[in-house]
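The following note is meant to accompany a reading of the model. Please keep the sequence and the structure in view while going through the numbered points.

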Amino acid sequence: MFAELWQWILLVVAIALVGVGLTVGLLRGRGGRATRLPPAAPRAPQVTTRPGMPSGGGADDEHGAGVLTAPPGEVATTPALEAPAPLEPAEPAYERPESARGRLARLRARLARSNSAIGKGLLALLSRGRLDEAAWEDVEDTLLLADLGPEAAGELVASLRTQVKVEGTTDEDVVRGWLREDLLRLVDPSMDRRVASSRVAGRPAVILVVGVNGTGKTTTVGKLARVLVAEDRDVVLGAADTFRAAAADQLATWGDRVGVPTIRSDREGADPAAVAFDAVRAATELEADVVLIDTAGRLHNKTNLMDELGKVKRVIEKLSPIDEVLLVLDATTGQNGLEQARVFAEVVDVTGIVLTKLDGTAKGGIVVAVQRKLGVPVKLVGLGEGPDDLAPFDPAAFVDAILE
């Protein structure tokens, strides 16, 4: 009896526990905490494109990019797209001029050919076994034809006659040594031939380039800019030749090739003094090392044109001193070039000479003559048509070249 009672009690308890379990489960299914399901495997977004559009394009259908769609029941998300790297602006392909150092040595062959009247002609005369008065007159005539000038020619003949008389020899090697020594003395290696091209007291050096029409002045300014760029100078060009058609375009082309800015007027016939003033001011603001001012070609016998050049000089000097005035002379003009030099020197205080076309003339003696006329040095020589055929003048290399 007692055993049966315990069996009924255990049965009731079991039924009660089952009932409680079912009740709790029912409550959880209806309002309790949600059953946590294992996470589904991630699905990559599907990309669709319109016909004719690149697949996987951008983020917006209106611009022809792919449209992102998601499987049913999932929220479509846009994957993070890496922004394209900004395009770097292409560096201009500027030319890198060759160093000016040693240019004259490279061009000695041209110089030797152009000045054979001094070198080979003189050596042929002086090496003859018999040097009488007629022979010495021929020597002097050769020097005059080479534009050495009467004074310098007379000095050189007198020196050579004395040495021949004292030494009693006409051996070609000995005579060559005497001639080299005397020519080098006349060319005067002691002159300062440096071109002002460095900042002075916090401002750029100012170089004014002058000369008559046809001497190659604008081309010389462009070539000089290349010389200075090769020496790592920051250069600004001033196109103050506002009278010659396309002169400013020509100068700007030279500057563009080596990355040098050109200050110019927007119209032909503008006031050249105003353009020169603006160029110096721009160079100052840019903290450049040097500014090169190209001026209009002038006929030295035209008073009004020379007065205009004087005005350019005065206007520049209101803003900055002028450190260098380079006079460009055509070496083929000979004695006429000396008269040009004299007139220009009276107007603008020439500090140095640039001799162009020295490769096409037998008148190398102009170097001596013009230096004596002005008392200023030849600083640069043009020895060809190439962009880097402007060379600093080296007296020793010059004399050696014409004696080769």
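1. L358 counts as buried, at 0% relative accessibility; here buried means under 20% relative accessible area, exposed means over 50%, and partly exposed lies in between, with a 1.4 Å probe and protein chains only. L358 is placed in the loop between β8 (352–356) and α13. Helices (H or I, at least four residues) and strands (E, at least two) are DSSP runs, numbered from the N terminus. L358 and G384 are 26 residues apart in sequence, and their C-alpha atoms are 7.9 Å apart in space.

2. On the origin of the values: this is a predicted model, in which local features need pLDDT of at least 70 and side-chain atom pairs count only at pLDDT 80 or more, while totals for chains, interfaces and linings use all residues. Residues are numbered from 1 along each chain as its sequence is written, and side-chain values use heavy atoms, with hydrogens and water left out.

3. The protein as a whole has 14 helices and 10 strands. Of its 404 residues, 43% are buried. Contact means heavy atoms within 4.5 Å. Among contacts between residues at least 6 apart in sequence, 75% join residues at least 24 apart.

4. How do the axes of helix α12 and helix α13 cross? Helix α12 (residues 335–348) and helix α13 (residues 366–374) have axes that come within 10 Å and cross at roughly 30 degrees. Axes are lines fitted to C-alpha atoms, for helices over the stretch in contact, and angles run from 0 to 180 degrees between N-to-C directions. The crossing angle therefore makes α12 roughly parallel to α13; angles under 35 degrees count as roughly parallel, over 145 as roughly antiparallel, 65 to 115 as roughly perpendicular and the rest as oblique. The crossing of these helices, α12 and α13, is right-handed. A crossing is right-handed if the near helix is turned clockwise from the far one by less than a right angle, and left-handed if anticlockwise.

5. Which residues make the contact of α12 with α13? L338, A341, R342 and A345 take part from α12, and I366, A369, V370, K373 and L374 from α13. By class, the contact of α12 with α13 has 7 nonpolar, no polar and 2 charged residues. Ala, Val, Leu, Ile, Met, Phe, Trp, Tyr, Cys and Pro count as nonpolar, Asp, Glu, Lys and Arg as charged, and the others, Gly among them, as polar.

6. The axes of helix α8 (residues 217–230) and helix α9 (residues 247–257) come within 9 Å and cross at roughly 15 degrees. For this reason α8 is roughly parallel to α9. The crossing of α8 and α9 is right-handed. In α8, T218, T219, V221, G222, K223 and R226 meet A247, Q250, L251, W254 and R257 of α9. The residues of this contact of α8 with α9 divide into 4 nonpolar, 4 polar and 3 charged.

7. Is T295 buried or exposed? T295, which lies in strand β6 (residues 290–295), is buried, with a relative accessible area of 1%. The side chain of T295 reaches the backbone oxygen of V209 at 2.7 Å. Beyond its neighbours within four places in sequence, T295 is in contact with several residues, including L208, V210, K217 and L309.

8. A205 belongs to strand β3 (residues 205–210) and is buried, with a relative accessible area of 0%. The C-alpha atoms of A205 and T284 are separated by 9.5 Å, although these residues are 79 residues apart along the chain. Not counting residues up to four places away in sequence, A205 touches A196, S197, S198, R199, D289, V290, V291 and D323.

9. F398 is found in helix α14 (residues 395–402) and counts as buried, at 3% relative accessibility. F398 and L184 are 214 residues apart in sequence and 8.8 Å apart in space, C-alpha to C-alpha.

10. Most residues other than glycine have a negative phi. D232, which is not a glycine, has a positive phi of about 65 degrees; D232 sits in the loop between α8 and β4 (235–240) and is exposed, with a relative accessible area of 59%. E287 has a positive phi near 55 degrees and is also a residue other than glycine. The place of E287 is in the loop between α10 (272–285) and β6, and E287 counts as exposed at 58% relative accessibility.

Key
Polar contact = N/O pair within 3.5 Å; in protein donor to acceptor, adjacent residues only side chain to side chain.
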